[in-house]
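Dear colleague,

Please find below the structure that I am handing over to you. My notes on what was found in it follow directly after.

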Amino acid sequence: MTPALGVHIHRGAGTEEKMLAQIVLFDGFDPMDVVAPYEVLWAGGVASGGGLSVELVSLEGARLVPSGSSGVALSAVGPIDLERVKLLVIPGAVGRVTGDGPDTIPAILGRAAQSGLPEVIKVAMERRGIIVATVCGGSLILAMAGLLEGRHAVSHHEGLAVLEATGAQVVRARVVEDGQLVTAGGVTSGLDLALYLLERELGPQIAHTVEAMFDFERRGTVWKAQGTVPVAM
């Protein structure tokens, strides 16, 4: 149903491209963190009659980017475009959980955090018109670069201690919204994140249509710093 990943959807003449989502690839990314949001957002674009397009990008521009899963790579079609993008999605990594080698998840995320990627994300976070979203360990890339201090956020449950240590206000929810920052928890929460982004930007009818298409219902309540603050129970 979906086009080849990494291939930009070109529309016919006279069709206005209303919104662009870019999902950022880096060496060692988790394919599920990328593919799940890609499919949901792409389907939302179709359901909305072309209201959203999706691209896979990288900091370096067009290239074949190896994931952390052996033998799996995806094509980035170009660089991050802060002049056009509305939704910027940062995935997590996949690799060994234990040990201290270069192929462990902490090492992969650490390399991404030490690249030029956080600088670009920082600029995106400072622009009102861009929503920065993360899946799983993607929030740790921002956190290790000092971009989440004082912000409400979530990550994979095994990364929450690191997230908190960087000064983020950890919220144990599947999806957490803090203004133009939207973070999601473990790997499969990328589906919930993308569906929420569709609801937020294109409306609940589009999100519901995509849910029905994928035969998937979102889990949990999106946490926001709104409403009555609960008392201790």
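Thr134 belongs to strand β7, which spans residues 131–134. In this predicted model, Thr134 has a relative accessible area of 0% and is therefore buried. Beyond its neighbours within four places in sequence, Thr134 is in contact with Ile90, Ser139, Leu142, Val182, Thr183, Ala184 and Leu193.

The loop between β7 and α4 (138–144) holds Cys136. Phi of Cys136 is positive, near 55°, and the residue is not a glycine. Most residues other than glycine have a negative phi. With a relative accessibility of 6%, Cys136 counts as buried.

Asp215 follows helix α7 and sits in the loop between α7 and β12 (223–224). Asp215 is not a glycine, yet its phi is positive, at about 55°. Is Asp215 buried or exposed? Its relative accessibility is 73%, so Asp215 counts as exposed.

Helix α7 itself covers residues 204–214, and Ile206, Ala207, Val210 and Glu211 are buried in it. These residues lie on the same side of α7, because they cover an arc of only 140° around the axis. The face turned away from that buried side carries Pro204, Gln205, His208 and Ala212, which are exposed. The cover over the buried residues of α7 includes α1 and α6 (189–202).

Ala207, in α7, has a relative accessibility of 1% and so counts as buried. Not counting residues up to four places away in sequence, Ala207 touches Leu195, Leu198 and Glu199. In sequence Ala207 and Trp42 are 165 residues apart, while their C-alpha atoms are 12 Å apart in space. Glu211 has a relative accessible area of 15%, below the 20% limit, and is therefore buried. Glu211 forms a salt bridge with Arg218, in which the closest N and O atoms are 3.1 Å apart. Arg218, at 28% relative accessibility, counts as partly exposed.

How many of the residues of strand β2 (residues 53–58) are buried? Six of the six are buried, so the strand is largely enclosed by the rest of the structure. In a regular strand the side chains alternate between the two faces of the sheet. In β2, Ser53, Glu55 and Val57 point one way, whereas Val54, Leu56 and Ser58 point the other way, and all are buried.

The pairing of β2 involves two strands described here. Strand β1 (residues 20–25) runs parallel to β2 and is joined to it by six bridges; Ala21 has Val54 of β2 as its bridge partner. Together with helix α1 (residues 31–47), β1 and β2 make a right-handed β-α-β unit. Strand β5 (residues 78–79) also runs parallel to β2, with two bridges joining them. Opposite Ser58 stands Pro79 in β5.

Finally, the salt bridges. The structure holds 14 of them, including the pair of Arg218 and Glu211 described above. Another joins Arg174 and Asp192, whose side chains meet at 2.7 Å, N to O. This pair links distant parts of the chain, with Arg174 in the loop between β9 (169–170) and β10 (175–178) and Asp192 in helix α6, 18 residues apart. Both Arg174 and Asp192 are buried.

A further salt bridge is formed by Glu126 and Lys122, with 2.5 Å between the closest N and O atoms. Glu126 is exposed, since its relative accessible area is 55%. Lys122 counts as partly exposed because its relative accessibility is 40%.

With kind regards

Methods: Residues are numbered from 1 along each chain as its sequence is written. This is a predicted model: local features need pLDDT of at least 70, side-chain atom pairs count only at pLDDT 80 or more; totals for chains, interfaces and linings use all residues. Side-chain values use heavy atoms; hydrogens and water are left out. Buried means under 20% relative accessible area, exposed over 50%, partly exposed in between (1.4 Å probe, protein chains only). Helices (H or I, at least four residues) and strands (E, at least two) are DSSP runs, numbered from the N terminus. Two strands pair if DSSP finds at least two bridges between them. A crossover is right-handed if, with the strands pointing away from the viewer, the path from the first strand over the helix to the second runs clockwise. The arc is that of the directions from the helix axis to the C-beta atoms. Contact means heavy atoms within 4.5 Å. A salt bridge is a side-chain nitrogen of Lys or Arg within 4 Å of a carboxyl oxygen of Asp or Glu.
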